[in-house]
Amino acid sequence: MKRRTFHQFFVGLTLLGLCVGCGDRTDWSTRGPTAETFSVQVLLRGAAVYGDSCATCHGVDGSGAFGPDLRGKGHKYTYEEHRKIIERGRRSMPGFGASLTEEEIDAVLAHVRVGISEGFDE
Ligand code: HEC
C-alpha cells in the first residue's frame, strides 16, 4: 500500500512536469522589433507609460519579472491581439482599458512592439 502511494506520487510529479512544459517554448525575445514604424514622440510617450504602468511586473527592459518577457512578442501577436491583452488583461495581468487613455495604450503598445526590442543585438 505504501509502495503504491509512492508510485502515484511519482506519476503525479511526471504529469505536473509535462504540464509545466506545455506552455509557449518559442524564444520570442530574439525576434526583435516588428517592421512597424512609430514616431519618436509616440515611442517616448510609450516608454514613459511603460515605466509607470508595466515595468514593475515585466521588468524595466521588458525581459520579464512577475509577468512574462515581452520582447519580440510583436511577432507572436498581431497589433490588434496585442492591444486587446493590454486593454482587457489576461489571467493575472490586469486590464488597462479603464486606467489608460486610448492614446496611452497605443503608445505603450508601440514601445512593447518596437521600443523594448530595439538595439537588441548590441
Ligand atoms: C500586476 C502585474 C502586471 C502589470 C502591472 C502588467 N502586466 Fe502584463 N502580464 C502580467 C502577467 C502575469 C501576464 C501573463 C498573463 C497570462 O498568463 O495570461 C502578463 C502578460 C502580458 C502580455 C502577454 C505576453 C505574452 O507573452 O503572451 C502583454 C503583451 C503584457 N502583459 C503587456 C503589459 C503592458 C503593456 C503593461 C503595462 C500597461 C502590463 N503588461 C502590465 C502581469 C502584469
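## Around the ligand

In this predicted model, the shell around the ligand is made up of 12 nonpolar, six polar and three charged residues. Cys-54, Cys-57, Gly-67, Arg-90 and Met-93 come nearest, out of the 21 residues around the ligand.

## How α4 and α5 pack

Two packed helices are described by the angle between their axes and the distance between the axes. For α4 and α5, the axes come within 10 Å and cross at roughly 125°. That angle makes α4 oblique to α5, and the crossing is right-handed.

On the α4 side, the contact uses His-82, Arg-83, Ile-86 and Glu-87. These meet Ile-105, Val-108, Leu-109 and Arg-113 from α5. Sorted by class, the residues of this contact are four nonpolar, one polar and three charged.

## Two loop residues to look at

Thr-78 sits in the loop between α3 and α4. Is Thr-78 buried or exposed? Thr-78 counts as exposed because it has 11 other C-beta atoms within 10 Å, and the cut-off for exposed is 12 or fewer. Its C-alpha atom is 9.9 Å from that of Arg-113, a residue 35 positions away along the chain. Arg-113 is also one of the α5 residues that meet α4.

Arg-91 belongs to the loop between α4 and α5. With 5 other C-beta atoms within 10 Å, Arg-91 is exposed too. Its backbone is worth a look: phi is near 45°, a positive value in a residue other than glycine. Most residues other than glycine have a negative phi.

Notes:
Residues numbered from 1 in each chain as written. Predicted model: local features only at pLDDT ≥ 70, side-chain atom pairs only at ≥ 80, totals over all residues. Near = placed C-beta within 6 Å. Nonpolar A, V, L, I, M, F, W, Y, C, P; charged D, E, K, R; others polar. Helix = DSSP H or I, 4+ residues; strand = E, 2+ residues; numbered from the N terminus. Buried ≥ 20, exposed ≤ 12 C-beta atoms within 10 Å, placed from the backbone. Axes fitted to C-alpha atoms, helices over the stretch in contact; angles between N-to-C directions. Parallel < 35°, antiparallel > 145°, perpendicular 65-115°, else oblique. Left-handed = near helix turned anticlockwise from the far one by under 90°. Contact = placed C-beta atoms within 7 Å.
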